[in-house]
Amino acid sequence: MKNVMGIINLHENDDMLREMTRYRPLAAIPFAGRYRLIDFVLSNMINSGISNVGVLAKGNYRSLMDHLRSGKEWDLARKRDGLFILPSVNGSLIGEHSDLHDLHNNLDYLKSSRQPYVLMSGSHILGNLDYRPVYEAHLAKKADVTLLYKDYGLTGRQGISFEHATMIEVDDDDRVVDIEICPVRPKGNKMSLEMFLIDRRLLIDLVDSCLSRGGSSVARDCLMKNLESLRFFGYSIPGYVARIHSVESYFRRSMDLLNPEIWQELFFENGAIYTKVKDEAPAKYQHNADVRNSMVANGCVISGNVENSILFRGVKVHPDARVVNSIVMQKGEISAGAVVENVICDKDVRIMAGKKLRGEVNHPIIIEKGTVI
Amino acid sequence: MGKKQCVAMLLAGGQGTRLGLLTKRVAKPAVPFGGKYRIIDFPLSNCFNSGIDTVGVLTQYQPLVLHSYIGIGSAWDLDRRDGGVYVLPPYVREKGGEWYKGTADAIYQNINFINMYNPDYVLILSGDHIYQMDYSMMIDYHAAQKAEATIAVIEVPWEEASRFGIMNTAANNRIEEFEEKPKNPRSNLASMGIYVFNWPLLRKYLEEDAADADSDNDFGKNIIPKMLDADQRMYAYRFRGYWKDVGTVESYWEANMDLLADRPELDLYDSAWKIYSVSPAQPPQYVGPEAQIACSMISEGCQIFGQVENSVLFPGVYVGPGARIKDSIIMPSARIESEAMITRAIIGRKTVVESGTGIGHTDTETEHQSPVNWFSGITLIGENLVINSDTKVKRNAVLSDGGVISSGV
């Protein structure tokens with residue numbers, strides 16, 4: 001995999017994540033008790049042997065930079081290669097602001113990289129993936145582009161929404177014959193993971209030619225429009241994949257992690273998932289703690305009742321507090337006697353003594369970062 | 001190299017024989033503690049939190065794990081351009097070389113290292129204690145007293161004073177006498193093994209001590225008494241707070257259990273004085289629908305389906321349905337299968353306790369006659385063992401690393 005570099009494209013649609021993306025890009029959303037979404041794709045890349053990763057930034061990426069810093073946690077603080085932040089450039093020639101545009105503005109990085117292949121991915125579709133077999137298939141098929149997809153078949157899509165997804169059709173040889181972005185009525189069950197492997201020089205040519213012909217989107221203009229002229233193949237990923245595009249999907253995919261099989265697969269299948277270390281002490285269960293079917297990160301101190309919930313690092317649950325079907329992000333505090341049910345508390349939220357908050361399973365309440373209730 | 005005000009020297013070469021199995025493969029400072037730490041994390045984090053950025057770690061016994069753990073010191077922010085952490089094992093010189101003969105000799109052999117930074121003060125630390133302490137306050141005190149040496153002391157219960165090195169001090173805290181384990185102690189101020197010396201004077205004493213063939217080359221036995229004899233200005237610095245020597249299996253177990261109180265004396269959750277460690281990349285722990293956990297500390301990567309009470313679990317431990325763990329310490333990646341019962345035991349890394357096994361039976365009549373931790377009541381199970389289903393392991397038993405145990409012990 002020394003022949004492959006990675007690009008993480010942060011131009012992702014975050015309209016349906018409401019308050020959660022007000023101050024951060026989709027890639028920086030906290031997930032699974034101690035991670036941010038981008039940790040999964042970054043870890044997958046380094047576990048697959050990729051050591052040159054560019055992050056195509058977008059919007060307010062301060063919190064993301066704070067998270068990534070030198071890239072040391074992912075072993076990407078290197079003399080040669082490593083982590084590169086590709087800044088978004090506003091007010092550029094055409095006045096438009098798109099991934100194709102930003103990639104074009106950072107074309108020098110692509111040109112000066114040594115790896116002949118590029119794996120490009122977003123951050124909002126995640127799993128514990130091994131890209132090495134994808135690379136082998138790409139070479140074996142002499143493909144120009146290999147697009148990863150998840151085939152949910154006819155029976156495997158209970159609880160899976162294709163809303164806003166990119167769907168594909170492949171022939172018997174896995175050649176991609178159709179791509180639909182955000183179809184209202186998808187024809188099949190093959191969902192694009194919005195990750196693809198491509199020849200670096202071909203990508204540079206496509207970016208250049210598509211932009212000069214008025215294109216704006218890598219997916220639409222570089223890939224879809226050239227579907228027939230390129231050797232465009234699919235690669236079906238076997239394991240668990242989570243797509244986070246809305247509050248509801250964030251909530252459901254988080255709760256998936258309370259299934260020990262999914263927990264095991266997502267965190268261990270092809271290697272560890274790395275994140276910024278916070279040096280929190282182990283989770284502490286006090287004498288009156290009662291915790292059932294929950295995921296708990298280090299630094300939590302629990303005296304109350306926690307059920308079907310996810311507690312991020314450093315959460316405090318005081319005596320007689322109840323946390324049910326909820327997600328409490330970093331440093332949240334649920335005071336004595338308070339109750340939260342079907343609630344997503346963003347970072348640093350404090351629920352004061354005796355307060356009761358209840359959402360619904362299909363419409364959890366979101367408490368914005370830093371709120372005191 | 002730029003001059004430093006203070007260089008810390010951490011004595012980490014000790015074998016810690018009284019910890020038995022726990023130090024069979026690792027030096028005492030590398031023994032895991034408190035669900036995610038190793039003992040050395042405490043002095044190293046104290047250094048970082050006290051603003052001391054140059055630390056020499058003197059290693060000798062079983063150094064591999066310790067060396068690889070310390071690495072370049074980045075876990076404690078000690079990977080610095082000017083200063084940082086230095087691992088200092090014994091080395092060979094032009095005319096032979098030697099192991100470190102004693103604590104003073106270990107520092108003597110590294111005079112060149114300390115000279116490189118030409119510090120005003122040298123802070124001597126050991127890797128055997130669990131405590132949170134701001135060394136910068138002790139150094140300030142040392143400077144304010146215009147002392148040549150300052151020794152940190154802690155009040156211990158009078159009945160235990162004869163187990164410690166005791167400082168007899170004047171009202172102004174000037175040390176008048178030092179007694180190692182006195183039968184009839186006249187003070188209850190015990191030395192914590194933490195010293196601040198003015199470097200030029202210490203260097204002189206170390207050189208004289210090295211030339212003395214009859215010396216044990218030990219701070220407590222030789223350097224401190226000689227300085228007192230010469231009437232050097234030596235002061236006791238009183239420390240108030242939690243401090244525990246973890247030199248025996250029993251005190252090690254107690255120190256772990258001390259963390260489990262609802263309000264423990266040692267606060268690992270104090271964000272102003274964090275204890276740093278090398279963190280494994282493990283997901284948050286999963287607690288199953290039937291699990292019951294109370295008065296326990298549980299680390300990342302654990303999966304708990306059974307009962308855990310008053311125990312410390314290191315990363316990646318699996319506890320099966322119906323298993324019961326009480327008053328125990330479970331090392332990383334151990335697997336406790338369904339219906340196993342573990343009481344007052346220390347279970348080694350990656351050991352598998354199969355279903356229905358009983359470890360550390362509370363029935364005193366079946367007490368195992370082990371000479372190592374006689375009557376401590378603690379059962380010690382080594383690393384990488386497999387204890388077959390339904391085996392009974394008696395209280396006080398000690399099972400060494402590796403192998404399969406299929407009949408009662």
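Biologist: Which residue's side chain meets that of A:Asp178 in a salt bridge?

Modeller: In this predicted model, where local features need pLDDT of at least 70, side-chain atom pairs count only at pLDDT 80 or more and totals for chains, interfaces and linings use all residues, side-chain values use heavy atoms, with hydrogens and water left out. Residues are numbered from 1 along each chain as its sequence is written, while chains are lettered from A and ligands numbered from 1 in the order in which they are written. A salt bridge requires a side-chain nitrogen of Lys or Arg within 4 Å of a carboxyl oxygen of Asp or Glu. At 2.9 Å, N to O, the partner of A:Asp178 is A:Lys187.

Biologist: Is A:Lys187 buried or exposed?

Modeller: Buried means under 20% relative accessible area, exposed over 50% and partly exposed in between, with a 1.4 Å probe and protein chains only. A:Asp178, at 23%, is partly exposed. A:Lys187 has 58% relative accessibility and therefore counts as exposed.

Biologist: Why does A:Asp81 count as buried?

Modeller: A:Asp81 forms a salt bridge with A:Arg114 at 2.6 Å, N to O, and these two residues lie 33 residues apart. A:Arg114 is partly exposed at 47%, whereas A:Asp81 counts as buried because its relative accessibility is 17%.

Biologist: Which residues are joined with B:Arg25 into one network of salt bridges?

Modeller: B:Arg25, which is partly exposed at 42% relative accessibility, forms a salt bridge with B:Glu383, the closest N and O atoms being 3.9 Å apart. Through salt bridges that share partners, B:Arg25 is joined into one network with B:Arg349, B:Glu383 and B:Asp401.

How values were computed: Helices (H or I, at least four residues) and strands (E, at least two) are DSSP runs, numbered from the N terminus.
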